[in-house]
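Colleague: Please put the model on screen. I have some questions about its fold.

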Amino acid sequence: MARPGESVNRRVAIVTGAGRGIGAATVAALAADGWSVVAVDRCAPDRRLPYAMASERDLEEAVAAAAKRVGRDDVARAVVADASDREALAAVVEGAEAWGDVDAFVANAGAIAGGVPAWELPDEQWRALLEVNLEAVMLAARLVVPTLLGRPRPRAGRFVAVTSSGAARGMQGLAAYSAAKAGVGGFIRGLAADLHGSGVTANAVAPGSTDTPLLAESARLFELPSPRDFAPRQPLERLLAPDEVAATIAFLLGPGGSGITGATLPVDAGLTI
């Protein structure tokens, strides 16, 4: 239900993995573009993964940063939920529908593990990579696309998933991660085909080495002194900022992205050329 005095005539976007990095930047970018944003993060450790997840404080700070950028307190809401949990994510979508007109979903939640040959990766880490990076994207589409299709024509629904440049490269020690991310691209192409004639688009964004906690974990896996050591591998010879990836996501959700569907857009400083 809408709060007293609150209009439900608002366009709502849901963003997962919103506590930090690309997700937090996307919340701010979409708020600046006029979206009302439901910022979702699990805000809890994952015992299968050896690095820290975003915290509730991180998520609250992401929402506060979006509000500060726009100059209004009502542009984003923080919701603690696991993007790979069907019941939790269904509740997120239901709550977003009560807030306004859900027109977009950004499946950004991601995780990394590896640093060893594929046959040596612990089973629980393999499972975590598939659940968070691929299955959560598929689950999101299954739950939110009926809502997007329920909007009156002409529709302008958007589904965007964040994959990785690793989906297009064979990277030693990251076979499972690459497989999960490559699966996202295949799913997006199939989803776009399923949405034929609906007015709803499905796309993916594939970042290169971006200055986030996930890249810091990548540096640890490869025993690099700093995430900055990834920069020379990209033709632009620098790390990407989360804002740069978020800008492309915002483009896909806006009028400029209306003619794009089934695509994976690289935002990778040239890494995959």
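Modeller: Four bridges join strand S6 (residues 201–207) to strand S7, and the two run parallel. Helices (H or I, at least four residues) and strands (E, at least two) are DSSP runs numbered from the N terminus, and two strands pair if DSSP finds at least two bridges between them. This is a predicted model: local features need pLDDT of at least 70, side-chain atom pairs count only at pLDDT 80 or more, and totals for chains, interfaces and linings use all residues. Residues are numbered from 1 along each chain as its sequence is written, and side-chain values use heavy atoms, without hydrogens and water.

Colleague: Which residue in S7 is the bridge partner of Pro 207?

Modeller: Strand S6 covers residues 201–207 and is joined to S7 by four bridges. For Pro 207, the partner in S7 is Val 267.

Colleague: Which strands are the edge strands?

Modeller: The open sheet holds seven strands, paired in parallel, in the order S3-S2-S1-S4-S5-S6-S7. Pairing on one side only marks the edge strands, S3 (76–80) and S7 (264–267).

Colleague: At about what angle to S1 does helix H1 run?

Modeller: Helix H1 (residues 21–32) lies across S1 (11–16), S2 (36–41), S3, S4 (101–107) and S6. Axes are lines fitted to C-alpha atoms, for helices over the stretch in contact (heavy atoms within 4.5 Å). Angles run from 0 to 180 degrees between N-to-C directions. For H1 against S1 the angle is about 170 degrees.

Colleague: What share of the residues is buried?

Modeller: Buried means under 20% relative accessible area, with a 1.4 Å probe and protein chains only. Of the 273 residues, the buried share is 52%.

Note on methods: Buried means under 20% relative accessible area, exposed over 50%, partly exposed in between (1.4 Å probe, protein chains only).
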